[in-house]
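Have your viewer open and your selection tool ready.

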Amino acid sequence: MLSGVPSLDAGLFALAGLLVGSFINVVVYRLPKMLERRWAAECAESSGATPNEQAPFNLMVPRSRCNHCGHPISWHENIPIASYLYLGGKCSVCASPISVRYPLVEALTGGLFFFCGWVFGANATGVVWSVFSAMLLTLALIDWDTTLLPDDITLPLLWLGLVAAALQWTPTGLNSALWGAVAGYLSLWSIYWGFKITTGKEGMGYGDFKLFAALGAWFGWQALIPLILIASIAGAVVGLAMKFTSGLREGGYIPFGPFLAMAGYAVLVLGPETVRSLAGI
């Protein structure tokens, strides 16, 4: 899919990706906590109790702070990648280590945006695939950390895929995108209930159904089998590696969302036709 020399547009996309990656770090940390607050308030309301008054907490408020000493992060300490390197990976006040995942997420998002700008150009197609990449990465990280795939992201990702197909911003026709979403959801929904009826256990969450439906909307129903094959193989390999290294969490499970995301990136980079050909479909 790649050809030619990277353009200025691709560089600008990469710069935007670095900034978006910094915001993704905020979303990954704060959104699950926001959901917990929302659920607690809803439970209190349904039980007739008065919800506890809490300070505002959303994606913008309060300011980002050091998790160890509470030092407010200044603007010059929040420049993607550069600030991490300048600070030596430590808080400027208490010298507590800053997770290397922050600059890695920023770099990965910048790379994904660069790819979209290079391959698709500075147009609606390049923009929507960049948004797709950012939302998919956010979901993968949240699911890995919390085993949650929030509707706040999965459903907009699904609808954006359908809208992009309808506006011809993606090569997936609307008919293929629609049935991709339907088949994606129903396929994992059927597996979930078959497994639960057979074993009495839940093998996956409803968020996985919605994420797979979203991938179907973006790539079409024809890509569903390669997507699930890639995700399943990747999940099995990582799961076995974690088992042998005693890295599995309590209960011996790993979330499936990150591997669905991995499959989505594989199809994005290689192209649906190439992936189907490699899978023999």
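Start by selecting Pro62, in the loop between helix 1 (8-46) and helix 2 (82-87); helices here are DSSP runs of H or I with at least four residues, numbered from the N terminus. Show the backbone, and you will find a cis peptide bond joining Val61 and Pro62, with omega at about 0 degrees. Most peptide bonds are trans, and most residues other than glycine have a negative phi.

A word on what you are viewing: this is a predicted model, in which local features need pLDDT of at least 70 and side-chain atom pairs count only at pLDDT 80 or more, while totals for chains, interfaces and linings use all residues. Residues are numbered from 1 along each chain as its sequence is written, and side-chain values use heavy atoms, leaving out hydrogens and water.

Next, select Ile81, which sits in the loop between helix 1 and helix 2. Ile81 is not a glycine, yet its phi is positive, about 65 degrees. Its relative accessible area of 26% makes it partly exposed, the class between buried (under 20%) and exposed (over 50%), using a 1.4 Å probe and protein chains only.

Now jump to Thr147, in the loop between helix 4 (124-146) and helix 5 (151-166). Thr147 also has a positive phi, about 60 degrees, without being a glycine, and it is partly exposed at 35%.

Finally, the cysteines. How many disulfides are there by the rule of sulfur atoms within 2.5 Å? The count is 0. Select Cys69: its nearest cysteine sulfur belongs to Cys94, 3.7 Å away. Cys69 is partly exposed at 37%, whereas Cys116 is buried at 0%.

Conventions: Helices (H or I, at least four residues) and strands (E, at least two) are DSSP runs, numbered from the N terminus. A disulfide is a pair of cysteine sulfur atoms within 2.5 Å.
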